[in-house]
Amino acid sequence: MSAIPDTTRKQTYEAGKLAKRLRRQAGQAIADYGMIEDGDKVMVCLSGGKDSYTMLDILLSLQAKAPVRFELIAVNLDQKQPDFPAHVLPEYLTGRGVPFHIIEQDTYSVVTRVIPQGKTMCSLCSRMRRGALYQWASDNGVTKIALGHHRDDILGTFFLNMFYQGSLKAMPPKLQSDDGKHVVIRPLAYCREDDIEAFAEAKAFPIIPCNLCGSQENMQRKVVKRMLADWEKSHPGRSETMFRALGNIAPSQLMDRHLFDFAGLGAREGAARADTHAWLGGSDAADDND
């Protein structure tokens, strides 16, 4: 009987370490944010990309030893993109013994008709995809909707909003939909993208590329991603520090008057306070006399 080559043994060891790290990080995120409760029916949104495959695999591993009982169902939205390999996900999920459902909705035709050629399609595509998934969740008793966004997605979204929207917000690990009907969770919130890439490669997931928007190289998100990659290359560990900062916020050290009462800070009891109109009116009067 031949011995296992040292290279193969090392690869197996490293793959095991990686899987353990991802499970630990996902379990920590689930515990920190109360993502999954006893009796939950979790809809795992499976796109066919590395992130959603990894999320499903990790949740299946955690489910086996979890302190609570919860149900998993994988759901994919077939958007009717040309040449989409519709057989891949059903074959993979059947082989894994995972309950699943395929939603068929031709969002591709709508997006390509509405968005001018060369423009970014992601915004409209994601809204339509979200609507279809939310509707299925409502119709099928889903209590939690799991998305595969990871640490680098969250950090990139923060900078996108700051640079292009003028707001400090990102993707929270857990959120409630605007209508209050759905709770969205991101179990991979603490996981790094390069770890997920390595895990997906080791697992040989049957990756399905997004042909709708995959060629749009000038998207703002890709610009931010390159910026973060350059920072990390020049200053290793910077991404992790910035990510930790998102959970270490001091409202009194920023400028949001809705989060902190700056106007009332140090105000003397009973002292008169003029409003904005009065202050601006006084300024205008002074300007007129100059």
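This is a predicted model: local features need pLDDT of at least 70, side-chain atom pairs count only at pLDDT 80 or more; totals for chains, interfaces and linings use all residues.
Residues are numbered from 1 along each chain as its sequence is written, and side-chain values use heavy atoms, with hydrogens and water left out.

**Exercise 1. Find out whether Ala-19 is buried or exposed, and which residues it touches.**

Step 1: Let's locate the residue. Ala-19 sits in helix α1, residues 6-33. (Helices are DSSP runs of H or I with at least four residues, strands are runs of E with at least two, and both are numbered from the N terminus.)

Step 2: Check the surface. Ala-19 has a relative accessible area of 12%, so it is buried (buried means under 20%, exposed over 50%, partly exposed in between, with a 1.4 Å probe and protein chains only).

Step 3: Look for partners. Leaving out residues up to four places away in sequence, Ala-19 touches Ile-58 and Phe-199 (contact means heavy atoms within 4.5 Å).

**Exercise 2. Work out how α2 and α7 are arranged, and which residues join them.**

Step 1: Start with the geometry. Helix α2 (residues 50-65) packs against helix α7 (residues 193-203) at an angle of about 75°, and their axes are 9 Å apart. (Axes are lines fitted to C-alpha atoms, for helices over the stretch in contact, and angles run from 0 to 180 degrees between N-to-C directions.)

Step 2: Name the arrangement. The two helices α2 and α7 are therefore roughly perpendicular to each other (under 35 degrees is roughly parallel, over 145 roughly antiparallel, 65 to 115 roughly perpendicular, and the rest oblique).

Step 3: List the residues. From α2 come Lys-50, Asp-51, Thr-54, Asp-57 and Ile-58, which meet Glu-193, Ile-196, Glu-197, Phe-199, Ala-200 and Lys-203 of α7. These contact residues divide into 4 nonpolar, 1 polar and 6 charged (Ala, Val, Leu, Ile, Met, Phe, Trp, Tyr, Cys and Pro count as nonpolar, Asp, Glu, Lys and Arg as charged, and the others, Gly among them, as polar).

**Exercise 3. Describe the chain as a whole.**

Step 1: Count the elements. The chain has 10 helices and 6 strands.

Step 2: Look at burial. Of the 290 residues in the chain, 35% are buried.

Step 3: Turn to the contacts. Among contacts with a separation of 6 or more, 75% join residues 24 or more positions apart.
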